[in-house]
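Please examine the structure shown below with this briefing at hand. The points are grouped by topic.

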Amino acid sequence: MGSLFRSEEMALCQLFLQSEAAYACVSELGELGLAQFRDLNPDVNAFQRKFVNEVRRCDEMERKLRYLEKEIKKDGIPTMDSGELVEAPQPREMIDLEATFEKLENELREVNQNAEALKRNFLELTELKHILKKTQVFFDEMADPSRDQDEQVNLLGEEGLRAGGQSLKLGFVAGVILRERIPAFERMLWRACRGNVFLRQAEIDNPLEDPTSGDQVYKSVFIIFFQGDQLKTRVKKICEGFRATLYPCPETPNDRREMAIGVMTRIEDLNTVLSQTQDHRHRVLVAAAKNIKMWFTKVRKIKAIYHTLNLFNLDVTQKCLIAECWVPVLDLEAIHLALRRGTERSGSSVPPILNRMETKEIPPTYFRLNKFTKGFQNLIDAYGVAAYREANPTPFTIITFPFLFAVMFGDLGHGALMFLFALWMVMNEKPLIAKKSTNEIWNIFFGGRYIILLMGVFSMYTGLIYNDVFSKSLNLFGSEWFVKDSNQAIFRRKTTMLDPKTGLTDYTYPLGMDPVWQVAENKINFLNAYKMKVSIIIGVIHMMFGVMVGLWNHQFFRRRVNVICEFIPQIIFMTFLFFYLCILIFHKWVNYSAKADLDPALINEGAHCAPSVLITFINMVLFKSSEKVGECEPYMYGGQEGFQKFLVVIGLLCVPWMLCAKPYLIYKQRQLQHNKFDNVNGGSVMEEGGAAQLGAGDAAAAVPSGGHDEEESFQDVCIHQGIHTIEYVLGCVSNTASYLRLWALSLAHAQLSEVLWSMVMRIGLAQSGWYGGIVLWAIFGAWATLTLGILVLMEGLSAFLHTLRLHWVEFQNKFYAGTGYSFLPFCFESMLEAAQNAEVD
Amino acid sequence: MALCGPKLSLCCLLLSIWGVIQLALMGVFFYIKSVALVEDLPLEEEYKPTEEDMKNFYGDVDRAYSQNAFNCWIAACLYVGTFLISAQQFYMNNKSTSGTAF
């Protein structure tokens, strides 16, 4: 029976697939997502598996796709998700895909290489242009203005011709070098050429683009004058060493001008070619961007199918693949259908065979969840996945979790804020899911939107009961308290006490706390008593319910021994001690009233005679008798002393019952088994029947597999039982006290709320004058922000945490094993989602 | 024209809606002289038990209630203004991010 209460029944199935049909069948099963395959070749290396070549090809395709995606992202082209279901393609389609990707990749690489070469060319031409411009300056500076405007000016003028007697021909080289390298370059030149070369340099103002890295770098133009060939070689070598690019620069100004013009035209041509190359690249990428998401999905699906096929075994005849999978029993029909579809698609004639296997292994735990229950199941799974087919705490958690949260958070205003936020998330579910946000905190809040919705609704309810709206009370029905004193008397006193004997009408406020308590100074004293008692009552009920769920588990797994030896003493212990405490609380609430003090005969039912429940309980456990105080009876009803003693004795007797009964029964059982096996030669059917009867319904007892090696040694059984008993007994006391956090947190929340109002909002409200409105406008903003930040967010998270702890520890340690493992079926959806998340990271 | 980014304008928008609703309601509660808000009134520190002071007290309380009611309504109106400004900012921010898609 598929339900949230217990995990699904799972079956281990063996699947025989014909090799031709295997791919299609696995593809259908992947779309269905209901089978968890086991690895039948755990010892085989990844590189020795059958389909390793196909997986390698898929990896290669993925690599090409990633390269394409990177280029697409670099250009900032958006990639659309078509949103349709992309099916895993046939194996023969893989070759087409490979060819397409290969072509695209080659084209793109070619385009990129060409672009790089063009850019290099462009860079050279630009540098040459700068050189020609700057060297003009150098040559102009050399020209003496007093000389004639003859353009044929030698660099050194007449002196150069006269000095050596022969014409000194100065050679020069011109080039471009990175600006950072110039000082070292100069120094090197000076030293290497012994100061016989002359360097002039000028900076290039615009940064140039480096073709390989794409960075913008600053360069300078330099020109070096030297005499003779040896210096020339030396200079050239140094330039090479400093990676300066040398350019041929003509000597005469006319040639330089012609060259400059030529360079400009070539630069313009190159620009055109470059822009056309970029356009082409852009077009190729845009065309690819339309399909890239679909290609990714296809390739990932193919890879997943081949990974799964690698888990299968090849049978003896080499024609057939064998697979083992866990399948929910209720879905066997769906699996059969999927397999039939797969065989039809692949055109194979042999139908696949699916048969169930009996196994002693523990199956995985599988819950059928919808978007509402998934959040709550995640909360429980975070502590531990339910053991196979044990009772699932989730359906109860759906109500108890928001309720316990609300007891700690109770404020109508804050609850309303939480509710509205969750409502917005739930109403806008679909567009918010489609956004695929990567913000982790947002994803956590969004994943828990139904939890927050319920928490908000329940908080609004408890806010009504505590009568607390942003720390103010609502007077919906009119207070039942009234003041009898005259105005004069009230004005004379600082505080006025309203006695419930005289200041209270005969009716009670219909829903929640009377609003008068908000203006009372002893509000906390009153509420404390109420909230503490309510916390204990809720706690005891929650824990007793946990023990009952344990009983359902025992009944389901037919562990009668556990029912007698664990459940019954546990429930008796808890009921006789802690449920009795709750009954005392209710009795005190009902039987004692303030009005009774008005009648002297009813003095024992008056408020000031009511005995303290806590003291009564402590005296009960310590077997102390209570003394009469003044006129008041220490006991609440007749025979209480004797009855309480009886309860405590029985409760204490439960402890050795829990400790010893089960080990003793197991011991007896094993003795019987030993005796039975000792007479195994003459073993009659009746003896076996007897032993079988004792062993029936007793899965907790050791399976008699042999004489001496049993599942658990007797010592272990005793130790486990001891631990269990101590845990339960001490846990009863400490867990009951632990539920007092319901009181503590609700008190803290109420006080924080009050402090925020009185410290912040009151500043805006206590202004006398018309500018108070403006001050209030500003103060309200601050108050609202603090309310959201401190009271809703921080207190909300705190109460959430405490509620979670109460569930995980106090409730679940009464029955929950949590030792299972999750059912992780082979499902394309989850695999694609995981791949997408990994991609983003 | 954009004074604040998309997030700030959205925050101010939601805050002003909350402010309008809550301050209007608080104004109503002050106007009907609800006892729950008595500690938020701007009153004198001490009133002596003389006839005069007692009369003053009742007068002061009535005045304080009305004053606070009007203050709350003024603040609510200011928040209506804030709402309009943030709504305009919000729409402007939205238009600039999604307007040029075709």
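In this predicted model, A:Gln36 has A:Trp326 of β10(A) as its bridge partner. This pair belongs to the antiparallel pairing of strand β2 (residues 36-37) with β10(A), which two bridges join.

**Other partners of β10(A)**
- β1(A) also runs antiparallel to β10(A), and nine bridges join the two strands.
- One of the residues paired with β10(A) is A:Gln14, whose bridge partner is A:Glu324.
- Strand β9 (residues 313-314) of chain A is joined to β10(A) by two bridges, again in an antiparallel arrangement.
- A:Leu314 has A:Leu321 in β10(A) as its bridge partner.
- Five residues lie between the strands in the hairpin of β9(A) and β10(A), where A:Gln318 takes a positive phi near 65°.

**Burial of β10(A)**
- Strand β10 (residues 320-328) of chain A is largely enclosed by the rest of the structure, because nine of its nine residues are buried.
- In a regular strand, side chains alternate between the two faces of the sheet.
- A:Cys320, A:Ile322, A:Glu324, A:Trp326 and A:Pro328 point one way from β10(A), whereas A:Leu321, A:Ala323, A:Cys325 and A:Val327 point the other way; all are buried.

**A:Ser7**
- A:Ser7 is located in the segment before β1 (10-18) of chain A.
- A:Ser7 counts as buried because its relative accessibility is 0%.
- The side chain of A:Ser7 reaches the backbone nitrogen of A:Arg389 at 2.8 Å.
- Beyond its neighbours within four places in sequence, A:Ser7 contacts residues including A:Thr365, A:Phe367 and A:Glu390.

**Annotated regions**
- An unreviewed UniProt entry lists residues 403-426 and 769-794 of chain A among those under "transmembrane region".
- Residues 403-426 of chain A are 92% helix and 0% strand, with end C-alpha atoms 20 Å apart.
- Residues 769-794 of chain A are 88% helix and 0% strand, with end C-alpha atoms 36 Å apart.

Technical notes. Residues are numbered from 1 along each chain as its sequence is written. Chains are lettered from A and ligands numbered from 1 in the order in which they are written. This is a predicted model: local features need pLDDT of at least 70, side-chain atom pairs count only at pLDDT 80 or more; totals for chains, interfaces and linings use all residues. Side-chain values use heavy atoms; hydrogens and water are left out. UniProt positions are given in the numbering used here, feature names are shortened, and annotations may be inferred rather than shown by experiment. Helices (H or I, at least four residues) and strands (E, at least two) are DSSP runs, numbered from the N terminus. Buried means under 20% relative accessible area, exposed over 50%, partly exposed in between (1.4 Å probe, protein chains only). A polar contact is a pair of N or O atoms within 3.5 Å; within protein, one must be able to donate a hydrogen and the other to accept it, and residues adjacent in sequence count only if both atoms are side-chain atoms. Contact means heavy atoms within 4.5 Å. Two strands pair if DSSP finds at least two bridges between them.
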